[in-house]
Structures are given as structure tokens and as C-alpha cells.
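Here is a short walk through one structure, taken step by step. Keep the sequence and the 3D view open as you read.

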Amino acid sequence: MRYSALQVLWQGLTGNRGWKPVWRQPDPKPAYDIVIIGGGGHGLATAHYLARNHGLTNVAVLERGWLGSGNIGRNTTIVRADYSLPGNSEFYSHSLRLWEGLSRELNLNVMHSRRGTWRLFHSDGQRDEFARRGNAMLARGDDARLLGRAALRRHLPYLDFDNARFPIHGALWHPRGGTARHDAVAWGYARSADSRGVDLIQNCEVTGFDIRRGRVHGVRTTHGPIRAGKVGIAVAGHSSRVAALAGLRLPIESHVLQAFVTEGLKPVIDTVISFGMGHFYISQSDRGGLVFGGDLDFYPSYARRGSLPRQEQVMEAAMTLMPMIGKARVLRSWGGIMDMTPDGSPIIDATPVEGLYLSAGWCYGGFKAVPAGGEAFAHLLATGRPHPVAGRFRLDRFRFGRLIDEEGTGSQHNLH
Ligand SMILES: Cc1cc2nc3c(=O)[nH]c(=O)nc-3n(C[C@H](O)[C@H](O)[C@H](O)COP(=O)(O)OP(=O)(O)OC[C@H]3O[C@@H](n4cnc5c(N)ncnc54)[C@H](O)[C@@H]3O)c2cc1C
């Protein structure tokens, strides 16, 4: 069923009885050409691009819960392309371009909103770094502008510019950055993949691999064994656990990241604001809730809820940045499990097991990467070669020290 304004009108006039289920509920077949583990953003996008770009439809996505129950439905929905290093830069730039046509491509409104993102700076050194970053963005063909304090104050008058610890000196403005409706992204990719013949199998956990003579032949699941020509792992926070089932040890740690939403308010924040020094960022959802978050909890955990100390820190940062937020009441908070790599950049690569591929290490920035990540992983699975915009996301870069460390704070693996 194609969605359109006419369809909405017709269904409205006929009692809304004609809507069809958005995807099928198939039983798994005994064998597929490709099995993707994980029905999150990356797994579903990969299935869509396998079918759309490569004509491969004898594909199954195996999801241990329900589609979109992981981080794809738990994130704070920020989409941007403000990276500066080769590797990340071209990849996220490409992803943003895919976002800009995504609703049309999926025939489902993913509510991609180019409301702009602000990254605040508080010192001369930070301003220099943001100027360099902005120039890198411009050189790549994306948009960026550096604004000083007076100009920024006209846009965001409610910030506390004179905070004693972090006085605001200005910000890097990225007009094409913004937000999107996270679960609509999962639904859109799922619907498209399903309609092209991909089997989306929910409540089906992968519990092991069938590996013989260094090659994967299938997976063991809670629905029984399934044979596969190739297997792609796209399980985000569970990457190291699932890879361990295949005997692989990944350079990934799983950490909890929390998010918060307030009660619905009248429109007050029409952009995305990032206060890096306070590990705090905020936007306002279309339903009016202020959506915000902070840094990782730093207690390695697979529990999808957060600790109180981090909640206190996030609230303090919020009050430091915009004291007016003290009047809003927090409605709820939740956590998701992040697959953190040492350099903060992802991995899209073959593994040492023949036929077994990995899309992981999405850290806390993998939502904006979903379109390009899915396209690149599909390309790798279909052709065996890395996609041109994802060629540096190698698994062995940690062994050889070719890190893509956007913050410049990561450990130097080649030196230890
Ligand atoms: C609070 C929070 C805020 C965030 N904010 C942003 C943001 O603003 N912008 C941004 O770009 N990114 C953000 N992220 C990060 C982003 O959400 C993730 O990087 C991205 O969603 C991860 O990829 P995914 O969607 O495929 O993961 P998931 O949706 O987690 O998909 C993985 C799936 O694998 C399944 N799975 C696991 N093990 C198995 C198994 N054994 N068998 C079968 N299935 C299995 C899981 O159930 C899950 O559904 C945020 C994350 C969180 C938690």
C-alpha cells in the first residue's frame, strides 16, 4: 500500500478500515542468502539497501525483541554532518544527503527536520577548533558558520552567557543539522524491506553460529537453526556478546547512555543546542517535550536504565546552561546500550570468519549514520568490497593505530 494524502483522505472517508499491516509476520525459512542479526536502525536499513540497490531479497533480519526496541527507538534523534576527519567526514556528509531524501524514498514521513544545530564554545582554543571544523565542513560542501557571542545571543537569548565557569563565547552553526522521528525511521526501513521480500523475524534471538573450517554456514536461534550464505551482525550494544558467540573478541565496550524528556511545553527551542563542556545537549520534540541528555554512565552494563549520579549531573548541566529549564518537569528517562570503540568511530568490515560481517561501534552517534551505515553494510555484504564512503571503518585499524579519533582524546593503540 502506498501512503499518500489521497490515501489518508480516502481512509478517513471510509472509516479507516482499509489500512494494511505495515509488515508481514513470516516464519523463518530453513535457509537464506543473507541473514542480518539485529532489527535496529542499521539492520533494517541494510535489508532495505540490499533489496533496493543490489536486488538481493532472499534475506532475513532476525530480531530478538520487537523491531525498533533497541537504540533506534531510544535515541535523542539528532542528525548532523559536522565531523572533520577523513573517514568520518565523507561518511556523515553522505548520510545527511540520504536523510534529505529519505521520507520520499521510504514513502513514510520520517519527520526529518533541518532545524539546525549549535555547538557552543567557551574559550579561544575551543573557538579555533570549531573554526577548523567549520572550514572542513565547508570544504567538503556542507554548511557551517561561526557566530560570536553577540550574534548568538540574538538567536538563543535564554542561555546563561555569563556563567562563571563556562561563559559562552559563540557557537558553530550547522543549518542542515536537525532531528528526525527515530521510530518512524525503523518502521520506514522495515516496511520497505518487507515489501521487497525480506523476511523480518521478531522474537528470534541468535544464540550461536554454525562455523566450520573458518567459514560461517548459518546461525542457531531460539526458532532453530537457519542456514545462510553470509551473516551480518548489526546488534549495536550487544556487538561484543554476539561476536563472542563466533569466537571473536571486539575492541568494543558496552556502556549505558541516558536520555530525558520533559512534559510537553509550548515551542521554546527551535534548534538543537550542544553544550559540550557540560556534556549536555537539548532539542524540543514535535510533541513539545524538551529532549535532552548527557554523557555515558561509565558503569559498564547491559541494563537499559541509568544511574542517579549521571541524572544529577545532567540536570545540573541543564540549569547551568539555561536556568529557565528549572521550571519544566521531567516526564521520564531511559537508557540504551552503546557499543563504544576506543576512537569513537564505527566498524563496517568483514571479520576473520569467512562470510561473517560486522557493522558496529556506533557509539552514541549511530542514529544519524543509519542511512549511510545501512547502504555501506549492504554494499559490503553484496559485493565483498567496502563502500567508497566507508573504506576507513576497518576492524584492524585498532591493531595498526589508524584511529579515526574525532575528539583527539582516544588511546593510541599502536603505542601500547
Ligand atoms: C539515549 C540515547 C541517545 C542517543 N542519541 C543519539 C543522537 O541524538 N544521534 C545519533 O546519531 N545517535 C544517537 N544515539 C545512538 C544511536 O541510537 C545508536 O548508535 C544506533 O541506534 C545503533 O544502531 P541500531 O539502531 O542498529 O541499534 P539497535 O536499535 O540497538 O539495534 C540492535 C538490535 O539488535 C538486537 N539484538 C541484540 N542481540 C541480538 C541477538 N543475539 N539476536 C537477535 N537480535 C539481537 C537488539 O534487540 C536490537 O534491536 C543515542 C543512543 C541512546 C541510547
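Begin with helix α7, whose buried residues are His 182, Val 185, Ala 186, Trp 187, Gly 188, Tyr 189, Ala 190, Arg 191, Ser 192, Ala 193 and Asp 194. Bear in mind that this is a predicted model. Of the 14 residues of α7, 11 are buried, so the helix is largely enclosed by the rest of the structure. What do the buried residues of α7 pack against? Their partners are α2, α4 (102–106), β8 (199–201) and α10 (370–383). Just after α7 comes Gly 197, with a positive phi of about 110°.

Now step back to the whole chain. It is divided into domain 1 (27–75 + 182–251 + 343–415) and domain 2 (114–178 + 253–340). Taken over C-alpha atoms, the centres of the two domains are separated by 29 Å. Where they meet, 12 residues of domain 1 are in contact with 9 residues of domain 2. On the domain 1 side, the touching residues divide into 5 nonpolar, 6 polar and 1 charged.

Next comes the ligand. How many residues surround it? There are 39, and the closest are Gly 40, Gly 41, Gly 70, Gly 336 and Gly 366. Two elements give two or more residues to this shell: α2 (41–54) and β12 (253–264). Domain 1 and domain 2 each supply at least three residues to the shell. By type, the shell divides into 14 nonpolar, 20 polar and 5 charged residues.

Turn to strand β2 (residues 59–62). Val 59 and Val 61 point one way, while Ala 60 and Leu 62 point the other way. In a regular strand the side chains alternate between the two faces of the sheet. Are these four residues of β2 buried or exposed? All are buried. Strand β2 also has a partner: β1 (residues 31–37) pairs with it in the parallel sense, over 4 bridges. Within this pairing, Val 35 has Ala 60 of β2 as its bridge partner.

Some loop residues deserve a look. Most residues other than glycine have a negative phi, and most peptide bonds are trans. Thr 77 is not a glycine, yet its phi is positive, at about 65°. It lies in the loop between β2 and β3 (78–79). Thr 77 is buried, because 23 other C-beta atoms lie within 10 Å and the cut-off is 20 or more. Asn 203 also has a positive phi, about 55°, although it is not a glycine. Its loop runs between β8 and β9 (206–212). Asn 203 counts as exposed, with 12 C-beta neighbours inside 10 Å.

End at Thr 341, in the loop between β16 (330–340) and β17 (347–350). This residue is buried, with 26 other C-beta atoms within 10 Å. Which residues does Thr 341 contact, leaving aside neighbours within four places in sequence? They are Pro 251, Ile 252, Ile 347, Gly 361 and Cys 363. Take Cys 363 as an example. Thr 341 and Cys 363 are 22 residues apart in sequence, but 6.9 Å apart in space, C-alpha to C-alpha.

How values were computed:
Residues are numbered from 1 along each chain as its sequence is written. This is a predicted model: local features need pLDDT of at least 70, side-chain atom pairs count only at pLDDT 80 or more; totals for chains, interfaces and linings use all residues. A residue is near a molecule or strand if its C-beta atom, placed from the backbone, lies within 6 Å of it. Ala, Val, Leu, Ile, Met, Phe, Trp, Tyr, Cys and Pro count as nonpolar, Asp, Glu, Lys and Arg as charged, and the others, Gly among them, as polar. Domain bounds come from an automatic or database domain assignment. Two residues are in contact if their C-beta atoms, placed from the backbone, lie within 7 Å. Two strands pair if DSSP finds at least two bridges between them.
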